[in-house]
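Visitor: Could you walk me through the sheet in this structure, please?
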Amino acid sequence: MRGRFITFEGIDGSGKSTQLTATASALRASGIDVLETREPGGTALGESLRTILLGRTMSPLTETLLMFAARVEHVDEVIVPALGTGHWVLCDRFTDASYAYQSGGRGIPAEWIANLETWAHPTLQPDLTVVIDLDPKQAAMRRARVRTPDRFEAEDVAFFERVREVYAARARAEPNRILLIDGARPSAEILERIVERVKPWRA
Ligand code: ADP
Ligand code: TYD
């Protein structure tokens, strides 16, 4: 029995990691085996690449290729095997983030991302992608309260406006896969929407 693949997206500080953790707890409480993971990362090599990606200056194309290098390892070594043993895989970011950040944010052509996607995971797609939508100024205020900015989080509001718009456009284009939720709502209410959405799969 194949598990479900659920990804969590949104601009930095939107609250997606909070929702991933809460969703994992809710699913485990109903007896489901859950694997929590993240991108870039999720494997030893992927975590090394994450350190480089979040810390070092590089060209947008290098950034894109390293994101996908980490993703190939993650898909092959972690995600596909876990789904095969019936685990539900909850992943903090996946390829939608490359469209949003590398294409929307950095200006890499979307067709290049689409090509890399075909190479990295030709058949795998998330069963559900939760996009937490939030105004970049509000997200920046949330981030400022809890952490020092990494290389992405140091970007300006205009960058995050572009990232946000790509997420919104993708949600409009794929309404069956992507659930767009207002991140300004209370956490408990957002969790309820997610749990409602996956309920039919739990039977
Ligand atoms: P992300 O993973 O999107 O960067 P986090 O889940 O780490 O965001 O949340 C960033 C901050 O915002 C944390 O301090 C978190 O407690 C807070 N937060 C998360 N969701 C909400 C919400 N719905 N309302 C208010 N604050 C929130
Ligand atoms: P994230 O885990 O959300 O950071 P944090 O733990 O600080 O909330 O993601 C790390 C950063 O990587 C984030 O700023 C977005 C970026 N990213 C991309 O630009 N493209 C991608 O394909 C992925 C997966 C992440």
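Guide: A residue is called buried under 20% relative accessible area, exposed over 50% and partly exposed in between, with a 1.4 Å probe and protein chains only. Strands (E, at least two residues) and helices (H or I, at least four) are DSSP runs numbered from the N terminus. This is a predicted model, in which local features need pLDDT of at least 70. Residues are numbered from 1 along each chain as its sequence is written.

Visitor: How is β1 covered?
Guide: β1 is mostly covered, with six of its six residues buried.

Visitor: Which residues lie on each side?
Guide: Phe5, Thr7 and Glu9 are on one side, while Ile6, Phe8 and Gly10 are on the other. In a regular strand, side chains alternate between the two faces of the sheet.

Visitor: What is the strand order?
Guide: The open sheet has five strands in the order β2-β3-β1-β4-β5, with parallel pairing. Two strands pair if DSSP finds at least two bridges between them. At the edges, β2 (34-38) and β5 (178-182) each pair on one side only.

Visitor: How many bridges join β1 to β3, and how many to β4?
Guide: Four bridges join β1 to β3 (residues 88-92), and five join β1 to β4. Phe8 has Asp92 as its bridge partner in β3, and Thr7 stands opposite Thr129 in β4.

Visitor: And what is the partner of Thr129 in β5?
Guide: That partner is Ile178. Five bridges join β4 (residues 128-133) to β5.

Notes
Chains lettered and ligands numbered in written order. Predicted model: local features only at pLDDT ≥ 70, side-chain atom pairs only at ≥ 80, totals over all residues. Heavy atoms only, no water.
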